[in-house]
Amino acid sequence: MGNPYHGEVALVLNGERVVMRLTLGALAELEATLGEDTLVALVERFEGGSFSSRDVMALVVAGLRGGGWRGRAEDLLSAEIEGGPMAAARAAAELLARAFAVPG
């Protein structure tokens with residue numbers, strides 16, 4: 001599941017459980033990847049259900065890197081995510097929520 005007090009979310013990638021986390025560096029990478037989009041706009045897209053697969057991919061990559069993964073975004077193009085795209089989208093939304101929420 002990941003430690004919610006550290007903003008962690010678990011994902012099963014190619015049969016291996018990995019922990020994602022949005023560190024400050026991961027957030028900066030996410031901003032750079034999304035270009036002119038802001039993190040506030042990304043949060044609003046997820047809250048409104050109007051996020052894109054690009055948003056999900058950027059969040060998953062940033063979260064994986066924040067969790068210590070050393071892969072590249074291209075590595076995820078052929079990766080098997082347990083639960084498929086919907087599980088990736090749920091994990092990305094949870095990751096974003098945990099990054100900006102105080103556990104309680």
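The model is a predicted one. Helix H3 spans residues 53–66 and is approached by helix H2, residues 39–48, and by helix H1, residues 24–34. Asp55 of H3 takes part in the contact with H2 and also in the contact with H1.

**Helix H1 against helix H3**

- The axes of H1 and H3 come within 9 Å and cross at roughly 155°.
- Because angles over 145 degrees count as roughly antiparallel, H1 is classed as roughly antiparallel to H3.
- The crossing of H1 past H3 is right-handed.
- On the H1 side, the contact is made by Ala26, Glu29, Leu30, Thr33 and Leu34.
- On the H3 side, the contributing residues are Arg54, Asp55, Ala58, Leu59, Val61, Ala62, Arg65 and Gly66.
- By class, the contact of H1 with H3 comprises seven nonpolar, two polar and four charged residues.

**Helix H2 against helix H3**

- The axes of H2 and H3 come within 11 Å, with a crossing angle of roughly 120°.
- This angle makes H2 oblique to H3.
- H2 passes H3 in a left-handed crossing.
- Leu42, Arg45 and Phe46 of H2 meet Asp55, Val56 and Leu59 of H3 in this contact.
- Four of the residues in the contact of H2 with H3 are nonpolar and two are charged, while no polar residue is present.

**Asp55**

- Asp55 is located in helix H3.
- Its relative accessible area is 2%, so Asp55 is buried, the limit for that class being under 20%.
- Leaving aside residues up to four places away in sequence, Asp55 touches Leu34, Leu42, Arg45 and Phe46.
- Of these partners, Leu34 belongs to the H1 side of the contact with H3, whereas Leu42, Arg45 and Phe46 belong to the H2 side of the contact with H3.

**The aromatic pair**

- The structure has a count of one aromatic pair.
- The pair is formed by Phe46 and Phe51, whose rings are stacked, at 4.4 Å centre to centre and with 5° between the planes.
- Phe46 has 11% relative accessibility and therefore counts as buried.
- Phe51, at 31% relative accessibility, counts as partly exposed.
- Phe46 is also among the H2 residues that make the contact with H3, and Asp55 is one of the residues it meets there.

Notes. Residues numbered from 1 in each chain as written. Predicted model: local features only at pLDDT ≥ 70, side-chain atom pairs only at ≥ 80, totals over all residues. Heavy atoms only, no water. Phe/Tyr/Trp six-rings, centres within 6.5 Å; stacked < 30°, edge-to-face > 60°. Buried < 20%, exposed > 50% of the residue type's maximum accessible area, 1.4 Å probe, protein only. Axes fitted to C-alpha atoms, helices over the stretch in contact; angles between N-to-C directions. Helix = DSSP H or I, 4+ residues; strand = E, 2+ residues; numbered from the N terminus. Parallel < 35°, antiparallel > 145°, perpendicular 65-115°, else oblique. Left-handed = near helix turned anticlockwise from the far one by under 90°. Contact = heavy atoms within 4.5 Å. Nonpolar A, V, L, I, M, F, W, Y, C, P; charged D, E, K, R; others polar.
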